[in-house]
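Here is a short briefing on one protein chain. Read it with the structure open.

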Amino acid sequence: MNSGRVVGWPTCDNMHHQWLLLAACFWVIFMFMVASKFITLTFKDPDGYSAKQEFLFLTTVPEAGRLAEEKHFPGELKLTGKMLGDSRPVQPLVYLERLELIRNVCRDEALKNLSHTAVSKFVLDRIFVCDKHKILFCQTPKVGNTQWKKVLIVLNGVFPSIEEIPENVVHDHEKNGLPRLSSFSEAEIRKRLKTYFKFFIVRDPFERLISAFKDKFVHNPRFEPWYRHEIAPGIIRKYRKNRTETRGIQFEDFVRYLGDPNHRWLDLQFGDHIIHWVTYVELCAPCEIKYSVIGHHETLEEDAPYILREAGIDHLVSYPTIPPGITTYNRTKVQSYFLGISKRDIRRLYTRFEGDFKLFGYQKPDFLLN
């Protein structure tokens, strides 16, 4: 009997310890579930990104290959951007908002004629290719494009640095080593449009037109005589109100030409020279081509470094120094150029460029229209 009790007590004691151990295991599992729930709530899925949030913080690091692939598609959230003090990547909301605005305007049936265009040879001629780094750049003249061409020339290995590129080479397409997308086969074009990093730069549409008029018809720094001797007389003959006026082309003549719904017959005569004043829609087809980033001339000091980082080339080349104040929107200058031009002509001009204003978030110039 005594020996039976001696054996029984240790058995009960073992069972007691086993229950305690089992309870401890359940407690650990419960705490782990709570912690997992907390982590799930804290690190949100990028697909559930809310437009009301100012920034999205992600501490997880995706696979390098996946990140390189994602950065070519604007519809997907990219995990690159400015760095906070604790090295957490931040997605700048402004670039997502620009792309979302384009998508929304492209879906607006009322603006379809102003926002859509065919991806024609004219468009493909505007897009320069850097195969080495898988980059496509759509040229939008009078928006600092010369500097971006220099960046691509260096990336293509034609010159070792931006400073060594002669100015007369930048726009000479036989010497600058910048192939146009139109020079590839249809299959090669589709492949590059689908997989390459794509970007272009915009600025206030009316300020761009002023810049084009000054550069081509007033100062003409690159000595392109055809603008003054061929294009200007054609515009004057058709659009000058006072036939006895003997002065050279005036901004009013230029505005009347651009705002004319039947301007295309003159455009055909002028050929590719019209790239300096046609719409961004006609140049780059933003509703047909899904661009990775849209830069703005007014915020180029921030946008240029961002584009270089997104394209993965910021360690290879820098955007040239931007002179102070050169990218700032100048409302006074815009008002002075449109002074004396009829409201009818300005409204017709706005009607043509309304797609550009709305696609890229530029404010309607009511101070000129009303």
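Where is the place of Asp125? Asp125 sits in helix H5 (residues 121-126). The model is predicted: local features need pLDDT of at least 70, side-chain atom pairs count only at pLDDT 80 or more, and totals for chains, interfaces and linings use all residues. Residues are numbered from 1 along each chain as its sequence is written, and side-chain values use heavy atoms, with hydrogens and water left out.

**Whole chain**

- The chain has 17 helices and four strands. These are DSSP runs numbered from the N terminus: helices are H or I with at least four residues, strands are E with at least two.
- Of the 370 residues in the chain, 44% are buried. Buried means under 20% relative accessible area with a 1.4 Å probe, counting protein chains only.
- Take the contacts between residues at least 6 apart in sequence: 68% of them join residues at least 24 apart. A contact means heavy atoms within 4.5 Å.

**Asp125**

- Asp125 is buried, at a relative accessible area of 10%.
- Leaving out residues up to four places away in sequence, Asp125 touches Arg180 and Ser182.

**Helix H6**

- Nine of the 11 residues of helix H6 (residues 145-155) are buried, so H6 is largely enclosed by the rest of the structure.
- The buried residues are Asn145, Trp148, Lys149, Lys150, Val151, Leu152, Ile153, Val154 and Leu155.
- Just after H6, Gly157 has a positive phi of about 80°.

**Helices H9 and H11**

- Helix H9 (residues 205-219) packs on helix H11 (residues 251-259) at an angle of about 120°, with the axes 11 Å apart. That angle makes H9 oblique to H11. Oblique covers what is left after under 35 degrees (roughly parallel), over 145 (roughly antiparallel) and 65 to 115 (roughly perpendicular).
- The crossing of H9 and H11 is right-handed; that is, the near helix is turned clockwise from the far one by less than a right angle.
- H9 contributes Leu209, Ile210, Phe213 and Phe217 to the contact, and H11 contributes Phe251, Phe254 and Leu258.
- By class, the contact has seven nonpolar, no polar and no charged residues.

Technical notes. Buried < 20%, exposed > 50% of the residue type's maximum accessible area, 1.4 Å probe, protein only. Axes fitted to C-alpha atoms, helices over the stretch in contact; angles between N-to-C directions. Nonpolar A, V, L, I, M, F, W, Y, C, P; charged D, E, K, R; others polar.
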